[in-house]
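Biologist: I should like to learn how to read the features of a structural model, one at a time. Could we begin with how strands lie beside one another?

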Amino acid sequence: MQILGDEKFLDDTSILVSETDSKGIIVYADDAFVKISEYSLEELIGQQHNIIRHPDMPKSAFKALWEAIKKGDVWQGFVKNRTKTGKFYWVYATIYPFGDGHYLSVRKKATKEEIEKYEALYKEMRKSEGRI
Ligand SMILES: Cc1cc2nc3c(=O)[nH]c(=O)nc-3n(C[C@H](O)[C@H](O)[C@H](O)COP(=O)(O)O)c2cc1C
């Protein structure tokens, strides 16, 4: 894993996994997810997944995510996450709904081009949400 300034980068082959209950409370996280988050596993389990929400993420992105998974669809998208000390990392996430109402997120590295594209797009989305 590299750290350049405040940005962290996943290794090419890294997969970050977390599982929530039906309300978005974290019930499982793999070692790679825990490590990049800078939290301990104990600090993450039982918390709302928005514990790692980055303020640059538009609200509408998460609205679309929840609408999709609540009706049983798989959601895929780019997410900028915040670490405990205020650093950030981008991922391409796939969230799968389970029959028991739980959700599983599997994340892989986003490319430099994707990160640039979504930094700009999410900035526009924040503007239209009235946030700078
Ligand atoms: C399985 C699963 C994984 C999630 N992963 C993230 C994540 O990595 N980062 C994030 O900010 N929100 C993630 N969310 C969405 C959060 O639950 C939450 O909706 C989001 O952080 C926005 O916070 P808010 O709903 O309080 O506005 C995930 C949700 C689910 C169900």
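Biologist: Which residue of β7 does Leu-16 stand opposite?

Modeller: Two strands count as paired if DSSP finds at least two bridges between them. Strands are DSSP runs of E with at least two residues, helices are runs of H or I with at least four, and both are numbered from the N terminus. Here Leu-16 stands opposite Arg-107 in β7. Strand β3 (residues 16-20) and strand β7 (residues 103-109) pair in the antiparallel sense over five bridges. Please note that this is a predicted model, in which local features need pLDDT of at least 70 and side-chain atom pairs count only at pLDDT 80 or more, whereas totals for chains, interfaces and linings use all residues. Residues are numbered from 1 along each chain as its sequence is written.

Biologist: How many bridges join β3 and β4?

Modeller: Three bridges join β3 to strand β4 (residues 26-29), again in the antiparallel sense. Ser-18 stands opposite Ala-29 in β4, and Thr-20 stands opposite Ile-26. The hairpin of these two strands has five residues between them, among them Gly-24, with a positive phi near 90°.

Biologist: Which residues of β3 form its covered face, and which its uncovered one?

Modeller: In a regular strand the side chains alternate between the two faces of the sheet. In β3, Leu-16, Ser-18 and Thr-20 form the covered face, while Val-17 and Glu-19 form the uncovered one.

Biologist: What is Leu-16 in contact with, beyond its neighbours within four places in sequence?

Modeller: Two residues are in contact if their C-beta atoms, placed from the backbone, lie within 7 Å. By that rule, Leu-16 touches Asp-30, Ala-32, Phe-33, Ile-36, Val-91 and Arg-107.

Biologist: Which residues make up the largest nonpolar core?

Modeller: In soluble globular proteins, nonpolar side chains tend to be buried together. A nonpolar core is a set of buried Ala, Val, Leu, Ile, Met, Phe, Trp, Tyr and Cys residues joined through C-beta atoms within 7 Å. A residue is buried if 20 or more other C-beta atoms lie within 10 Å of its own, exposed if 12 or fewer, and partly exposed in between, with C-beta atoms placed from the backbone. The largest core here has 12 residues, including Leu-16, Ile-26, Ala-29, Phe-33, Trp-90 and Val-91. The elements that give two or more residues to this core are β4, α1 (31-37) and β6 (88-97). With three residues, β6 gives the most to this core.

Biologist: Which residues are closest to the ligand?

Modeller: A residue is near a molecule if its C-beta atom, placed from the backbone, lies within 6 Å of it. There are 14 residues around the ligand, and the closest are Gly-24, His-49, Asn-50, Arg-53 and Ser-105. Two or more residues of this shell come from each of β3, β5 (75-82) and β7.

Biologist: How does one check the span of a helix such as α4?

Modeller: The expected span is 1.5 Å times one less than the number of residues. Helix α4 (residues 112-128) has 17 residues and reaches 25 Å from its first C-alpha to its last, close to the expected 24 Å. Just after α4, Gly-130 takes a positive phi of about 80°. The 12 residues of α3 should span 16 Å, and their end C-alpha atoms lie 17 Å apart, which agrees. Just after α3, Gly-72 has a positive phi of about 95°.

Biologist: Why does Lys-59 count as exposed?

Modeller: Lys-59, found in helix α3 (residues 59-70), counts as exposed because it has 12 C-beta neighbours inside 10 Å. Ala-61 also lies in α3, but has 18 such neighbours and so counts as partly exposed.

Biologist: How far apart in space are Lys-59 and Glu-124?

Modeller: Their C-alpha atoms are 12 Å apart, although 65 residues separate the two in sequence. Leu-121, in helix α4, is 63 residues from Pro-58 in sequence and 9.5 Å from it in space, C-alpha to C-alpha.
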